[in-house]
Amino acid sequence: MRDVFFIERDPYAPIRHCYPVSKVLYEGKSEYQEIMVLESPEFGKLLVLDGVVQVDEKYEFMYHEYLAHIPMYAHPNPEDVLIIGGGDGGTLREVLKHESVKRAVLVDIDKEVIEVSKKYFPTMSCSFEDPRAIVVNEDGYRYIQDYEGEFDVIIIDSTDPVGFAHVLTTEDFFKFVYRALKEDGIYAAQTESIHYHLDIVARIQKALKKVFPVVDLYTSVIPIYAGYWWTFSIASKKYPVREPAREVKAETKIYSADMHRHAFLPESFYRRIMEG
Ligand code: AG3
């Protein structure tokens, strides 16, 4: 296949990304979404859910390292971690790099995403083999409703907030997250881009502030997502989040103590974003 492109259907972005593709490796429909795995000469394999590119093999580290290590290193001793979504295993892989972790529970509503990742994305799904990993196939919202003070860190690695993922960005959900965290727990989530999803970013930040005393926003550049300048929301019951709380030891490609500090937006720019 020469000059063949896959056109992404980001539900919010006013532009369309085209990805060069040499092969369709998998196409299927689960109970929840359309799943596709494409081979791209530029990006390696791409995982596409409901027409939106979730990960590529070349740059997935830029997303997963930021999503996982900033909350994990803001915590002095994370032992119990919950990941909601993240069925490809990339966030789990980063979380398990922390020796303090005794148990990492991954709750993904869609079992088939996990199966597809096991087959096509071994560098991420290898994390499922770690004995500290527990996989639950359930609705993340429902799962978290039943817990009280269990987790040190909760990470939401969800698809865009449309359809079944929308509830994971509501104030009601954040109240359950607060309750499921220990008294010094930390939450982090991918919360879309500054360019094309600013209203969503502001809405999530405002909802978090109603529930948590410490709320902040950090960013990374994700080359494969339309919107590029991607945001992550972080909320904490007690610890400040802008500095790592301990020495950085995990082997990473981009995350470091300096990158942790630089990921956060200056106050004046943050205020501008929130005002829209
Ligand atoms: N999950 C978040 C993907 C968001 C992409 N959205 C977009 N391009 N509009 C990625 C899952 C990685 N574990």
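Predicted model: local features only at pLDDT ≥ 70, side-chain atom pairs only at ≥ 80, totals over all residues.
**View 1. The shell around the ligand.** Here 15 residues surround the ligand, and the closest are D10, Q54, D88, G90 and Y225. Helices (H or I, at least four residues) and strands (E, at least two) are DSSP runs, numbered from the N terminus.

**View 2. The shell by class and by domain.** Sorted by class, the shell has five nonpolar, six polar and four charged residues. Ala, Val, Leu, Ile, Met, Phe, Trp, Tyr, Cys and Pro count as nonpolar, Asp, Glu, Lys and Arg as charged, and the others, Gly among them, as polar. The ligand shell lies between domain 1 (5–54) and domain 2 (60–275), because both give residues to it. These bounds come from an automatic or database domain assignment.

**View 3. Q33, one of the annotated positions.** An unreviewed UniProt entry places the feature "binding site" at Q33, D108, D139 and G140; such annotations may be inferred rather than shown by experiment. Look for Q33 in the loop between strand 3 (23–29) and strand 4 (34–40). Q33 counts as buried because it has 21 C-beta neighbours inside 10 Å (buried means 20 or more other C-beta atoms within 10 Å of a residue's own, with C-beta atoms placed from the backbone). Beyond its neighbours within four places in sequence, Q33 is in contact with L49, D50 and D110; contact means that the C-beta atoms, placed from the backbone, lie within 7 Å.

**View 4. G140, also in the UniProt feature.** G140 sits in helix 5 (residues 140–145). With 28 other C-beta atoms within 10 Å, G140 is buried. Setting aside neighbours within four places in sequence, its contacts are I84, G85, V107, I109 and L168.

**View 5. F232 and its surroundings.** Strand 13 (residues 229–236) holds F232, which is buried, with 24 C-beta neighbours inside 10 Å. Not counting residues up to four places away in sequence, F232 touches Y66, L67, I70, A188, A189, Q190, T191 and Y218. From C-alpha to C-alpha, F232 and D216 are 8.6 Å apart in space and 16 residues apart in sequence.

Definitions and conventions:
Residues numbered from 1 in each chain as written. Near = placed C-beta within 6 Å. Buried ≥ 20, exposed ≤ 12 C-beta atoms within 10 Å, placed from the backbone. Contact = placed C-beta atoms within 7 Å.
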